[in-house]
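Please have the sequence and the model at hand. The text below goes through them part by part.

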Amino acid sequence: RFFDGHDPDGPAGDAVADIGWFTPAGQPMTLDNWADGNTRALAVALNGEGIQSPGPRGERIVDDTFLVLFNAGETAVNFTMPDAAWARRWQVVIDTMADGAKAFPASGRRPQAAHRLRVGARSVVVLRRID
């Protein structure tokens, strides 16, 4: 099934739906952001608690929540972690600029909500929620 961007439990204020898109400033993407042809960086949150399809036995499926930071630009970009109740702390698990894009061990960098993380030019950083 496809992501639909809706909170499975209805209006929840600070909750994130199954998928959420953010600017490098950590703010939700607006129509103007999407229409800006010069945009080279954005983030997507994949909510592991927002999976709406049931498992093979009808059970609820829950997975980790990930934040993926994309920078297609020619220079590094500082991303601000979204400041939201649904994710206060993150752990970097993949950084394509680090040692051949290897995955980080459990001791990888751990930015918190509203903190900044530098993402190199033409690279991707994947973070996993740890709170």
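The model is predicted, so local features need pLDDT of at least 70 and side-chain atom pairs count only at pLDDT 80 or more, while totals for chains, interfaces and linings use all residues. Residues are numbered from 1 along each chain as its sequence is written, and side-chain values use heavy atoms, with hydrogens and water left out.

The largest nonpolar core holds 18 residues. A nonpolar core here is a set of buried Ala, Val, Leu, Ile, Met, Phe, Trp, Tyr and Cys residues joined through side-chain atoms within 4.5 Å. Buried means under 20% relative accessible area, exposed means over 50%, and partly exposed lies in between (1.4 Å probe, protein chains only). Within this core, Leu67, Leu69, Phe79, Met81 and Leu127 touch the most other members. Two or more residues each come from strands E2 (41-46), E3 (66-71), E4 (77-80), E5 (90-95), E6 (116-119) and E7 (123-129). Helices (H or I, at least four residues) and strands (E, at least two) are DSSP runs, numbered from the N terminus. The element that gives the most to the core is E2, with 3 residues.

Phe79 shows how these parts meet. Not counting residues up to four places away in sequence, Phe79 touches Pro24, Ala41, Leu42, Ala43, Leu69, Phe70, Asn71, His115, Arg116, Leu117 and Val119; contact means heavy atoms within 4.5 Å. Another core lies apart from the one described, with 5 residues that include Ile19, Val44, Val68 and Val126.

Of the 7 residues in E7, 5 are buried, so the strand is mostly covered. E7 runs antiparallel to E3, to which 6 bridges join it, and antiparallel to E5, with 5 bridges. Two strands pair if DSSP finds at least two bridges between them.

Consider Asn71 in strand E3. Asn71 counts as buried because its relative accessibility is 4%. Its side chain reaches the backbone oxygen of Thr75 at 2.9 Å. This is a polar contact, that is, a pair of N or O atoms within 3.5 Å; within protein, one must be able to donate a hydrogen and the other to accept it, and residues adjacent in sequence count only if both atoms are side-chain atoms. Leaving aside neighbours within four places in sequence, the contacts of Asn71 include Arg40, Ala41, Val77, Phe79, Val119, Arg122 and Ser123.

A polar atom of the Ser123 side chain lies 2.5 Å from the backbone oxygen of Gly120. Beyond four places in sequence, Ser123 touches Leu69, Phe70, Asn71, Thr96 and Met97.

Arg128 is also in E7, but is partly exposed, at 25% relative accessibility. Arg128 and Trp90 are 38 residues apart in sequence, and their C-alpha atoms are 5.5 Å apart in space. Leaving aside neighbours within four places in sequence, Arg128 is in contact with Asp64, Thr65, Phe66, Arg89, Trp90, Gln91 and Val93.

Side chains of opposite charge can pair when their charged atoms come close. The structure holds 1 salt bridge, defined as a side-chain nitrogen of Lys or Arg within 4 Å of a carboxyl oxygen of Asp or Glu. Glu74 and Arg122 form it, with their closest N and O atoms 3.7 Å apart. Glu74 lies in the loop between E3 and E4 and Arg122 in the loop between E6 and E7, so the pair ties together parts that are 48 residues apart in sequence. Glu74 is exposed, at 64% relative accessible area, and Arg122 is exposed, at 58%.

The whole structure has 1 aromatic pair. Rings of Phe, Tyr and Trp (its six-membered ring) pair if their centres lie within 6.5 Å; planes under 30 degrees apart count as stacked, over 60 as edge-to-face and the rest as tilted. The ring centres of Trp21 and Trp34 are 5.4 Å apart and the planes stand at 75 degrees, so this pair is edge-to-face. Trp21 is in strand E1 (residues 19-22) and Trp34 in helix H1 (residues 31-35), so the pair ties together parts 13 residues apart in sequence. Trp21 is partly exposed, at 35% relative accessibility, and Trp34 is partly exposed, at 45%.
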